[in-house]
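Please keep the structure in view while working through the numbered points.

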Amino acid sequence: MSYFLKFLRGKRSSRFHQTSNNLNMEDDAVDSDLSHNTEILQQVFSQAPDLVIRRFSINASKSDAALVYLLGLTVKDAIHNHVLKPLMSSYFEHDKGLPITIGDVEVVDKWGQIESAILGGDSVLLLNGKNTGYRLDTKGWPQRQGRNRTKR
């Protein structure tokens, strides 16, 4: 796993240099434009075929949002039942917190924090018009192939 992370970190630093004139984008703040943020994430994770960027509208407020994670490192049921479903079916005020039932939620506002969260198996929620995101604890353990096979 450490080789993979070193490989990604090497790719990441070159991606950061390509996506910004600033040589240290890792410390740059997140933009308030959701489309711009998702474009940056697609460039940073262009070598990751399991990157998921799920765009949706928050139901009552009609705000655009995106949930970003790596498939296989997260628990899909937790994402659906405890993040997407509450956000898409209820109204909330950004200043009063999120209506989600995930245990650990942290505000992130730098690209380095977002990338580390995604590589670590967490998902990141980005909202249009906000220059911060939310790291959501949706880590899962990868399942081994053939584990549930029955012997004949």
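1. In this predicted model, the side chains of D137 and K139 meet in a salt bridge, with a distance of 3.7 Å from N to O. D137 is partly exposed, with a relative accessible area of 34%. K139 is also partly exposed, and its relative accessible area is 45%. Salt bridges that share partners join D104, E106, D122, R135, D137 and K139 into one network.

2. How many salt bridges does a search of the whole structure find? The search finds five. As background, side chains of opposite charge can pair when their charged atoms come close. One of the salt bridges is formed by R135 with D104, where the closest N and O atoms are 2.7 Å apart. R135 belongs to strand β5, whereas D104 sits in the loop between α3 (76–89) and β3, so this pair ties together parts of the chain that are 31 residues apart in sequence.

3. Are R135 and D104 buried or partly exposed? R135 has a relative accessibility of 10% and therefore counts as buried. D104, at 34% relative accessibility, counts as partly exposed.

4. R135 also forms a salt bridge with D122, and here the closest N and O atoms are 3.0 Å apart. This pair links distant parts of the chain: R135 is in strand β5 and D122 is in the loop between α4 and β4, 13 residues apart. Both R135 and D122 are buried.

5. The strands deserve attention next. Five of them form an open sheet with antiparallel pairing, in the order β1-β2-β4-β5-β3. Strands β1 and β3 (105–108) are at the edges, each pairing on one side only. On average, neighbouring strands of this sheet are turned by 25 degrees against each other, with direction ignored.

6. Helix α2 (residues 34–44) packs on the sheet and touches β1, β2 and β4. The direction of α2 makes about 170 degrees with that of β1. Helix α4 (residues 111–119) lies across β2, β3, β4 and β5 (133–136), and runs at about 140 degrees to β4.

7. The pairing of β2 can be followed residue by residue. Strand β1 (residues 51–57) runs antiparallel to β2, and seven bridges join the two. Within this pairing, S57 stands opposite D64 in β2, and the bridge partner of R55 is A66. With strand β4 (residues 123–127), β2 pairs in the antiparallel sense over four bridges; here L67 stands opposite L125.

8. Why is strand β2 described as largely enclosed by the rest of the structure? Six of the seven residues of β2 (residues 64–70) are buried, so the description follows from that count.

9. Helix α4 is mostly covered as well, since seven of its nine residues are buried. These are W111, G112, I114, E115, A117, I118 and L119. The helix is followed by G121, whose phi is positive, near 100 degrees.

10. The largest nonpolar core has 19 residues, and those that touch the most other members are L41, F45, I114, I118 and L126. At least two residues of this core come from each of α2, β2, α4 and β4. Helix α4 supplies the largest share, five residues. As for I114, leaving aside its neighbours within four places in sequence, this residue is in contact with V30, L41, V108, V124 and L126. Another core, of 17 residues, lies apart from the largest one; among its members are I58, A65, L67 and L125.

11. A last point concerns confidence. The chain averages a pLDDT of 78, and 69% of the residues score at least 70. Over residues 1–8, pLDDT stays under 50, and the model has one contact beyond four places in sequence for this stretch. Over residues 11–24, pLDDT likewise stays under 50, and here the model has 18 contacts beyond four places in sequence.

Technical notes:
Residues are numbered from 1 along each chain as its sequence is written. This is a predicted model: local features need pLDDT of at least 70, side-chain atom pairs count only at pLDDT 80 or more; totals for chains, interfaces and linings use all residues. Side-chain values use heavy atoms; hydrogens and water are left out. pLDDT is the predictor's confidence in each residue, from 0 to 100. Contact means heavy atoms within 4.5 Å. Buried means under 20% relative accessible area, exposed over 50%, partly exposed in between (1.4 Å probe, protein chains only). Two strands pair if DSSP finds at least two bridges between them. Axes are lines fitted to C-alpha atoms, for helices over the stretch in contact, and angles run from 0 to 180 degrees between N-to-C directions. A salt bridge is a side-chain nitrogen of Lys or Arg within 4 Å of a carboxyl oxygen of Asp or Glu. A nonpolar core is a set of buried Ala, Val, Leu, Ile, Met, Phe, Trp, Tyr and Cys residues joined through side-chain atoms within 4.5 Å.
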